[in-house]
Amino acid sequence: GHGQVWLSTPANSPTGGLIDQGLLQLMAQFEGLPFHAENKLSANELYEASQIRWEGTYAFSPTSAISHYFPFLYAPQALGLRIGELLNLSVLHAYQLAKLFALIAACALIYGALSIYPFSLAVLGLFVLPMSLFQMGSASLDGIAHAMSLFVIALYLKISQQSSTKQSSTKQTSTKQTTIGVVNSLVWQGILLALCIALLTS
């Protein structure tokens, strides 16, 4: 696959990792676009970018200006890049496949969350905002992180709901059993809440 779980810090160099030189070439092809609205991408430049192939050789690339996250949330994108490489797609087309995989993963997580707990339309409205849709269709981790947060919140609310229902329907249960059940429920709620906070702040 692509990417590294642990980055490295060579002597007298910033932290970074090894990246296929074909991907580095693709990144260089578009480096004049960010923060320069006056620059436009021509059809010829896009065609040239689509011809860049995987090199199979790796070069160190620093990530000093990039926030570092555990790569779990990048798994769909990494899978898309890997499949694209195995199918002998160009780097650009493999990158587009990675974006598609990220979108599918985010939609699957949102669908799973809605299957677990019925959120209000106000909450769902946050996921159809233009920026939210853009993030879900990009190769960044934001779309997946937001969808994962909704999924974890759904689990938390579902467990809380089941706990309340169970407590009200087991009035004849012994005090000891009830206490154990409440403690177990609180432990799981705490774990899910901590995971949700971690994802929201990543």
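Contact here means heavy atoms within 4.5 Å. With that in hand, isoleucine 110 in this predicted model touches Phe127, Met136, Ala147 and Leu150, leaving aside residues up to four places away in sequence. Isoleucine 110 also turns up in the largest nonpolar core, which has 18 residues; together with Ile144 and Leu150, Ile110 touches the most other members.

Next, the helix packing. Helix α1 (residues 21-29) and helix α4 (residues 91-116) have axes that come within 10 Å and cross at roughly 85 degrees. Angles of 65 to 115 degrees count as roughly perpendicular, so α1 is roughly perpendicular to α4. On the α1 side the contact is made by Gly22, Leu23 and Leu26, and on the α4 side by Val91, Leu92 and Tyr95. By type, the residues of this contact come out as five nonpolar, one polar and no charged.

As for aromatics, a search of the whole structure turns up one pair. Tyrosine 117 and phenylalanine 119 make up this edge-to-face pair, at 5.4 Å centre to centre and with 65 degrees between the planes. The two partners fall on either side of the 20% cut-off for burial: phenylalanine 119 is buried, at a relative accessible area of 14%, whereas tyrosine 117 counts as partly exposed because its relative accessibility is 21%.

Methods: Residues numbered from 1 in each chain as written. Predicted model: local features only at pLDDT ≥ 70, side-chain atom pairs only at ≥ 80, totals over all residues. Heavy atoms only, no water. Phe/Tyr/Trp six-rings, centres within 6.5 Å; stacked < 30°, edge-to-face > 60°. Buried < 20%, exposed > 50% of the residue type's maximum accessible area, 1.4 Å probe, protein only. Axes fitted to C-alpha atoms, helices over the stretch in contact; angles between N-to-C directions. Helix = DSSP H or I, 4+ residues; strand = E, 2+ residues; numbered from the N terminus. Parallel < 35°, antiparallel > 145°, perpendicular 65-115°, else oblique. Nonpolar A, V, L, I, M, F, W, Y, C, P; charged D, E, K, R; others polar. Core = buried A, V, L, I, M, F, W, Y, C linked by side-chain atoms within 4.5 Å.
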